[in-house]
Amino acid sequence: MFLKTITGLTVGACALIGGAFAAPVAVDLSTWVQDGNGNWILAGDSASVLQTRNSAPTVYHNNQSSQGKALAGTIKVETSSDDDFIGFVLGYTQGDIDGLSDTDYILVDWKQGTQGGWDRGMSISRVTGRIQSSGTDTNADQWDHVGNVEFLARANTLGSTGWADNTEYNFAIEFTASVIRVTVDGNLEFELFGSFSDGAFGFYNFSQPDVRYAGITEEVLPPVPLPAALPLMAAGLGVVGFARRKAKAAR
């Protein structure tokens with residue numbers, strides 16, 4: 001379950017309180033799995049993957065629990081022929097693209113150009129059902145961020161800025177049961193406090209070909225205490241108020 005109150009979701013730019021990070025470890029992408037009908041081409045060194053198809057939504061994910069980890073790497077669109085969605089999923093389970101009984105994950109997507117009722121820029125949403133569609137439907141939930149795709153917020157600095165062709169961006173994502181943080185090129189774009197389902201970390205494309213994800217690393221995060229203000233606010237309300245987190249492991 002997921003809340004958007006002070007005890008569930010807060011979007012801002014305050015720093016997390018945490019200890020020293022463990023050393024990052026390079027990720028072997030050959031162990032990852034595909035969902036949807038994309039065409040994910042693994043590099044010979046298994047350090048990068050290129051999605052080449054202009055298709056309905058497709059995901060390439062690590063198929064394991066990713067909570068309590070920091071993930072980083074680069075993302076680059078190696079073409080100038082389209083202007084659609086690239087991004088990431090958090091808390092994902094194989095089959096979620098078609099909708100499972102317990103589908104509940106976070107989607108970070110980034111559109112280059114305004115089109116079909118959706119503006120350019122980066123946003124974050126909660127997905128609770130099917131996002132598979134017939135082709136690149138500009139009226140689908142995942143395009144308009146409605147229905148099964150609940151829009152939550154625009155990015156702090158990239159909310160109205162599209163990605164650029166043939167440009168490499170550095171990303172870093174922290175994913176815990178209660179905090180999600182997304183940084184692009186050193187800028188904090190999202191910081192969410194809530195109750196998030198466990199599951200996989202993965203790459204996401206919708207209607208956008210020739211997207212390369214590379215140099216992925218992961219590290220285990222130290223325990224992160226709640227911001228000091230939240231327990232005080234909760235005490236004033238007489239209840240902590242965090243939702244019971246759905247125990248969902250990637251399958």
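Biologist: In which order do the 7 strands of the open sheet stand, and what is the sense of their pairing?

Modeller: The order is S2-S5-S14-S7-S8-S9-S10, and the pairing is antiparallel; strands here are DSSP runs of E with at least two residues, numbered from the N terminus, and two of them pair if DSSP finds at least two bridges between them. This is a predicted model, in which local features need pLDDT of at least 70 and side-chain atom pairs count only at pLDDT 80 or more, whereas totals for chains, interfaces and linings use all residues. Residues are numbered from 1 along each chain as its sequence is written, and side-chain values use heavy atoms, with hydrogens and water left out.

Biologist: What makes S2 and S10 the edges of this sheet?

Modeller: Strand S2 (33-36) and strand S10 (149-154) each have a single partner strand, so one side of each is left without a neighbour in the sheet.

Biologist: How do you know that S5 and S14 pair?

Modeller: Strand S5 (residues 58-61) and S14 share 4 bridges in the antiparallel sense, and within this pairing Tyr60 has Phe203 in S14 as its bridge partner. Tyr60 and Phe203 also belong to one aromatic cluster, together with Trp32, Trp40, Phe88, Phe171, Phe201 and Tyr213.

Biologist: Why is the pair of Phe88 and Phe201 called stacked?

Modeller: The search of the whole structure finds 17 aromatic pairs, where rings of Phe, Tyr and Trp (its six-membered ring) pair if their centres lie within 6.5 Å, and planes under 30 degrees apart count as stacked, over 60 as edge-to-face and the rest as tilted. For Phe88 and Phe201 the centres are 6.0 Å apart and the planes stand at 20 degrees, so the pair is stacked. Because Phe88 lies in strand S7 (residues 85-92) and Phe201 in strand S14 (residues 200-206), the pair ties together parts that are 113 residues apart in sequence.

Biologist: Are Phe88 and Phe201 buried or exposed?

Modeller: With a relative accessible area of 6%, Phe88 is buried (under 20%, against over 50% for exposed and partly exposed in between, with a 1.4 Å probe and protein chains only), and Phe201, at 0% relative accessibility, counts as buried too.

Biologist: What makes the pair of Trp110 and Tyr169 edge-to-face?

Modeller: The ring centres of Trp110 and Tyr169 are 4.8 Å apart and the planes stand at 65 degrees, so the pair is edge-to-face. Trp110 lies in strand S8 (residues 105-111) and Tyr169 in strand S11 (residues 168-175), so the pair ties together parts that are 59 residues apart in sequence. Trp110 is buried at a relative accessible area of 4%, and Tyr169 counts as buried at 12% relative accessibility.
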